[in-house]
There are 4 protein chains.
Amino acid sequence: MGKEKNFQEFGLAYGDCDAIGISYFAIYYRWMERTYSLWLHDCGLASHEFPEKLGIYVVGFSSECRYLNQAVVFDWLRCEVGLIHRGNSSYILGYQFTRSDVTIAFGKIKYACRDLEHRKVEIPSSLDDALASLPVFQDS
Amino acid sequence: MGKEKNFQEFGLAYGDCDAIGISYFAIYYRWMERTYSLWLHDCGLASHEFPEKLGIYVVGFSSECRYLNQAVVFDWLRCEVGLIHRGNSSYILGYQFTRSDVTIAFGKIKYACRDLEHRKVEIPSSLDDALASLPVFQDS
Amino acid sequence: MGKEKNFQEFGLAYGDCDAIGISYFAIYYRWMERTYSLWLHDCGLASHEFPEKLGIYVVGFSSECRYLNQAVVFDWLRCEVGLIHRGNSSYILGYQFTRSDVTIAFGKIKYACRDLEHRKVEIPSSLDDALASLPVFQDS
Amino acid sequence: MGKEKNFQEFGLAYGDCDAIGISYFAIYYRWMERTYSLWLHDCGLASHEFPEKLGIYVVGFSSECRYLNQAVVFDWLRCEVGLIHRGNSSYILGYQFTRSDVTIAFGKIKYACRDLEHRKVEIPSSLDDALASLPVFQDS
C-alpha cells in the first residue's frame, strides 16, 4: 500500500461549462467517483465485487461539494482523494480539486458498510487498509 | 399494444447548454435511451432481463444524431421514438426531437440481437410485437 | 406568483443507474438545476440575464445530497424545489426527490448574490419575490 | 504545428457503465468534444472566440459512433482525434477509442463553418492549418 494512484486529471471541455463559460457545478461529482473507483481498483478492490468477495456492500450516504474558485474551459484540473474520517462501519472521503496550486472545489462523500441483510457491519480489513493508506484531509 | 408512451418531454437547463447558450450536442443521446427504455418498459419489456427471460441480449451497434435547428436554454423538447427498419436480427429506431412543430434533431440507433453465445439471433416475438407497434419514421 | 411549476418529473433510464441497477448518486444534481432554472424561468427570471438586467450574478456556494431510499431503473421520480433559508444576500434551496410518497433523496444548494465587482449584494426584489413564493422546506 | 496533443485518456468509472457493467453508449460523445476542444486549444484556437476573432462560428452538423468492442469498468481508454475529410467550408473528424491496441469505438463529427449571417464560409486558414496537422483517419 502507499503507491496507488489517488488522483485523476482532466481538462475542462465546453460540455463541462455553463452558458457563461464557468465549470458547471455538477461535473465534480462524477470525477469524485472516478477518482475513488480507480484508486480502489489500484488497491486491488472493486465495489461491485464486495457482495460476493467480502459479504458486504458499500452505500453512499451523502455527497457534497463547496465551490471555492472558478474554473473555466480548458483549465487542467486534478482531483485527489484523501481520508477525512474512518469510523467502525462508515468513512468519509474528501476530494480536492486543484488547478496548479489553487483549490477550485472541495467535495466529500460519506460511505457506509452494510452486510447482505442491510445491517451495519465493520469496514472489512482489506478496505480498511486501503483507506489507511490515503493522505489525511482536514475536514473543512 | 399501441397505447404505450413512446415519447419523453424535458426542458433544457443550463447544464444542457454550452458556453453560448445552445443545446450541447451530446445531450440528445441519453434522452434517446431514456425514451427507448421507458417505452420498452411500458410494453412490459426490460433489456436487462432479456438474457434470463428470452435467452438473448441486445447490443447497440451504432448511434448518430443530426442537428437541424438550434435549441436554447428553457426550450421544452419532446423526444419521440419510431421505427426505421426491422430486420431479422437487427432493427433501427429513430428519435425525433421537436420543439412545438420544429424538428431540432434527429437521432438513430441500430440494435442487434445476440444469443448468449454472441451469435446473431432472430428478434424475439415479444420484442418484435413491440417494435411493430411503433410509428414508422422515414429514414432521412 | 404562486402557480409557477416548482417541480420536474422523470423516469430513470439505464444511463442513470450504476452497475447494480441502482440510481447513480450524481444524477440528482443536474435535476436540481433543471428544476430550479425552469421554475425561475416560469417566474420570469433567467440567471444568465441577471448581470445585464439586475446588475448582479448568483453563484453556487455549495451543493449536497443525502440518499435516503434506493431508486431503480424505470422508477418515476419527482424533484420539487422549496425554500430552506432566505438571508440578505444568500439563500438555500432544498430539492426533494420522491417516488410516489417515498423520499428518495434530499438535496440542498446554497446560492449567493454578488454585484459585478464580486461584492456581496442584497437579493434583488424580483428574485426575492420568487423565493418567497416557494413552499418552505425544513432543513434536515 | 504537429506536436499538439490530439488525444485524451481516461479510466472507466461506474458512472460510465450501465446496469451490466458495460460502457454506456453515450459516454463517448463528451470525450470526443473534450479531445477536440483541448487539441484545438493546444493549437492556439478556441471555438467560443471564433466569432470575435475570425468572424465565423462552427456548427456541429452531425455526430455518430460505432461500437466495435465492449469496454468495462476500470478499463483505461484513449480517444484520439484524426482528420477524415477537409472540404471548403466543412470538415469531418474521426475519434478512435482504443484500449491498448483494441479499438473500442469509432466516432465521427461533421462540422461546418458559417459567417455571422449564417452563410457558408471557407474554413479560416488558422483552423485549416490545425486540421492539416492532424493524422489522417480512413473513413470506415
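Buried area is the accessible area (1.4 Å probe) that two parts lose on being put together, summed over both. This is a predicted model, in which local features need pLDDT of at least 70 and side-chain atom pairs count only at pLDDT 80 or more, while totals for chains, interfaces and linings use all residues. Residues are numbered from 1 along each chain as its sequence is written, chains are lettered from A and ligands numbered from 1 in the order in which they are written, and side-chain values use heavy atoms, with hydrogens and water left out.

Q: How much area do chain C and chain D bury between them?
A: Contact means heavy atoms within 4.5 Å. By that rule nine residues come from chain C and nine residues from chain D. Carbon and sulfur atoms carry 61% of the buried area, which is about 620 Å².

Q: How many salt bridges does the rule find across the interface of chain C and chain D?
A: A salt bridge needs a side-chain nitrogen of Lys or Arg within 4 Å of a carboxyl oxygen of Asp or Glu. For the interface of chain C and chain D, the number of salt bridges is zero.

Q: How much area do chain A and chain D bury between them?
A: The contact draws 22 residues from chain A and 22 residues from chain D. In chain A, Tyr14(A), Arg34(A) and Phe74(A) lose the most area to chain D, together 34% of what that side buries. Carbon and sulfur atoms account for 59% of the area buried by chain A and chain D, about 1,800 Å².

Q: Which side chain meets that of Asp16(A) in a salt bridge?
A: Between chain A and chain D the count is two salt bridges. One joins Asp16(A), at 2.9 Å from N to O, to Arg34(D).

Q: Which residues touch the most other members of the largest nonpolar core?
A: A nonpolar core is a set of buried (under 20% relative accessible area, 1.4 Å probe, protein chains only) Ala, Val, Leu, Ile, Met, Phe, Trp, Tyr and Cys residues joined through side-chain atoms within 4.5 Å. Leaving aside neighbours within four places in sequence, Tyr28(C) has contacts including Cys65(C), Leu77(C) and Phe97(C). Of the 152 residues in the largest core, those touching the most other members are Tyr28(A), Tyr28(B), Tyr28(C) and Tyr28(D).

Key. Buried < 20%, exposed > 50% of the residue type's maximum accessible area, 1.4 Å probe, protein only.
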